[in-house]
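This report concerns a predicted model. Please consult the sequence and the coordinates alongside the text.

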Amino acid sequence: MIEALGLSASVGAFALEDVSFVVPRSAYGVVIGPAGSGKTTLLETIAGITPHRAGTLRLNGADATALPPERRSIGLVYQHAYLFPHLSVEENVGYGATDPAFARDVSARIGASALAGRDVRSLSGGERQLVAIARALATRPSLLLLDEPFSALDPRRRSLVRREVRAIHREWGLTVLQVTHDFTEAGLLGDVAILLDAGRVLQYGPPEEVFRKPASPYIAEFLGAENVLAGTVRVLGDAAPDWLAGEGTSGAHYRAIEFHGGGLTISTVGDAPAGAAYAVIRAEEIVLSLDRGASSVRNSFTGVIEEVATLGALTRVTVRTGATPLVAALTTRSAHELELRAGMSIHASFKAMAVHLC
Amino acid sequence: MIALARAVPSSTHTGHRIASVVAALAGSLLLLFLFAPILELVATAGGDGVRKLATDEELRASLGLTAIAATIATVAGVVAATPLAYLLARYNFRGRAILAAIIDLPLLIPHPVAGIALLLVLGRESAVGGTLLDMGIRIVSAPAGIVCAMLFVSAPLYISGAREAFARVDPRYEAVARTLGDPAWRVFRRITLPLSRRGLVAASVVMWARAVSEFGSIVILTYNPKVASVLSYDRFTTFGLPEALPVAAVLVLLALIPLTLLRALRDDRGAAVGP
């Protein structure tokens with residue numbers, strides 16, 4: 001378990017300020033944030049490499065604030081691996097290991113054992129990362145800190161290693177905290193997502209919640225939500241209208257809300273107060289259809305396609321609806337079936353529950 | 001418009017050619033200035049110097065004393081100054097700039113002045129020198145004085161080189177080693193020292209070479225027994241140029257050994273140690 005309570009640290013002019021979060025024991029935490037937000041500094045502070053200025057750090061329930069790095073039972077993997085260049089691959093993996101056989105086993109699981117005879121300086125970036133992961137795990141730490149550890153691996157190897165690290169995490173009950181720029185990876189791996197910016201935690205919680213319910217428009221945009229509308233909230237009242245039940249809510253504590261923004265009137269549910277707010281709708285929540293049909297979905301707008309951008313298996317479609325363009329994401333196959341093209345009329349719809357107000 | 005676009009690179013090209021010629025000329029003149037006296041010295045007296053090595057016992061004793069004293073000074077400097085150089089390379093602390101300036105000071109003061117300063121501290125009239133003399137340790141006019149003078153003038157060069165060598169090692173190697181279970185001192189031994197080894201050896205060679213060539217402070221602290229630089233000066237003032245020349249030529253030839261070693265180390269040292 002990693003508990004940061006008001007943790008602050010400085011590196012040159014940069015500072016981590018009042019960082020608080022909890023990654024429960026045996027959970028997999030992911031740290032996301034823009035470049036220069038302090039992700040690596042956070043890992044180094046947890047590892048005891050960067051001295052803390054204020055706050056408390058508890059590791060596995062014990063106060064570790066003043067513990068030196070070698071007594072924190074932490075494995076640390078940097079993006080650039082930092083393999084010791086004067087040692088062989090085998091010596092690197094076994095550097096901190098107390099059991100050479102265990103180190104060899106871990107190395108084999110990660111896929112680094114084939115590199116044992118190689119000179120460290122001849123390894124590719126991806127191979128270096130494999131050896132660095134094996135080296136960190138060979139000490140059998142109780143906490144693993146990973147700083148973009150798979151970034152140099154090819155997609156196939158990345159998937160395999162990611163799966164193996166996840167398996168080891170489950171088998172050993174290892175608590176992991178991983179820095180990543182890859183939101184898919186964050187969603188796949190993380191039990192807890194910590195969003196960091198300018199040295200502060202903006203939001204943390206289950207990745208699903210962070211991605212679906214960003215705490216601010218800035219977070220929403222950083223997390224790739226294309227549709228962030230500024231507007232005003234009007235609470236329709238606690239008496240839920242008849243459409244509320246059809247949106248898959250129990251209706252218990254949700255209020256019906258009308259959001260006006262970008263020339264659209266959007267129906268949603270939630271507990272947002274009346275007044276200025278932002279509505280966030282993820283592109284994948286917007287359904288495009290040629291006919292309005294008989295859908296029970298509350299929000300349906302007719303517009304004109306401005307752009308169709310195909311990105312491999314996914315296609316992003318920009319639809320001009322009044323003053324506001326909405327971006328929808330659908331499979332490229334669906335886009336082909338609908339024969340979508342710029343200039344054609346289309347219906348864009350989304351559920352009230354798909355709208356997050358912040 | 002096209003003509004103008006062509007004219008600009010053409011004039012730039014001419015400017016580059018003139019700058020290259022001037023730079024080459026200046027460099028050649030400087031090389032000639034540095035090389036000519038040494039070449040003349042070796043050509044005139046190199047053969048005599050080598051022959052004297054076989055026959056001149058005082059010259060051999062002087063060269064031996066110089067090498068031993070410089071080696072002792074270098075070993076003492078390396079042992080005492082390595083932690084200091086590491087501290088300066090790795091840690092930001094209040095007064096670091098002042099400490100660095102104090103360490104560099106012996107490089108800037110005239111070496112006879114360094115000798116006088118050492119005499120004040122280590123002379124038999126001083127508290128330190130008097131106490132050491134009472135303990136049977138004589139500094140002035142003894143080999144220990146030569147070692148002290150050599151250490152004083154050459155240690156700053158080692159500290160500077162060692163500091164640079166440590167700074168070239170990315171501290172994240174040390175960070176990783178700490179997380180792998182090593183305390184700081186063991187990380188220094190297993191990671192920092194091996195990764196900075198070439199730079200440290202090069203800095204030691206520079207220190208040794210500087211110690212061997214020292215004259216100004218040694219001549220004040222310990223004229224006798226004579227180190228090589230003092231012997232060549234003594235031969236010059238006592239017997240004139242013909243007697244001093246072979247000694248000077250031998251010193252120049254012997255100086256090629258550490259210089260060649262240093263160059264080999266520098267060429268092999270390469271870039272900073274990073275991921």
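The sections below cover conventions, the fold of chain B, its surface and charges, and selected backbone features.

## Conventions

Residues are numbered from 1 along each chain as its sequence is written, and chains are lettered from A and ligands numbered from 1 in the order in which they are written. In this predicted model, local features need pLDDT of at least 70, side-chain atom pairs count only at pLDDT 80 or more, and totals for chains, interfaces and linings use all residues, while side-chain values use heavy atoms, leaving out hydrogens and water.

## Fold of chain B

Chain B contains 11 helices and zero strands (DSSP runs: helices are H or I of at least four residues, strands E of at least two, numbered from the N terminus). Its radius of gyration, taken over C-alpha atoms, is 24 Å, well over the 19 Å from the globule rule for 275 residues, so the chain is more spread out than a compact globule; the rule is 2.2 Å times the number of residues to the power 0.38. The C-alpha atoms fill a box of roughly 85 × 60 × 35 Å along the principal axes.

## Burial and charge

Of the 275 residues in chain B, 37% are buried (under 20% relative accessible area, with a 1.4 Å probe and protein chains only). The mean positions of its 25 positive and 17 negative charges lie 11 Å apart; Lys and Arg count as positive, Asp and Glu as negative, without His or the chain ends, and the places are NZ of Lys, CZ of Arg, CG of Asp and CD of Glu.

## Backbone features

The peptide bond from B:N224 to B:P225 is cis, with omega near -5°. B:P225 sits in the loop between helix 9 (216–221) and helix 10 (228–239) of chain B.

In chain A, the non-glycine residue A:Y82 has a positive phi of about 50° and is buried at 5% relative accessibility.

Conventions
Buried means under 20% relative accessible area, exposed over 50%, partly exposed in between (1.4 Å probe, protein chains only).
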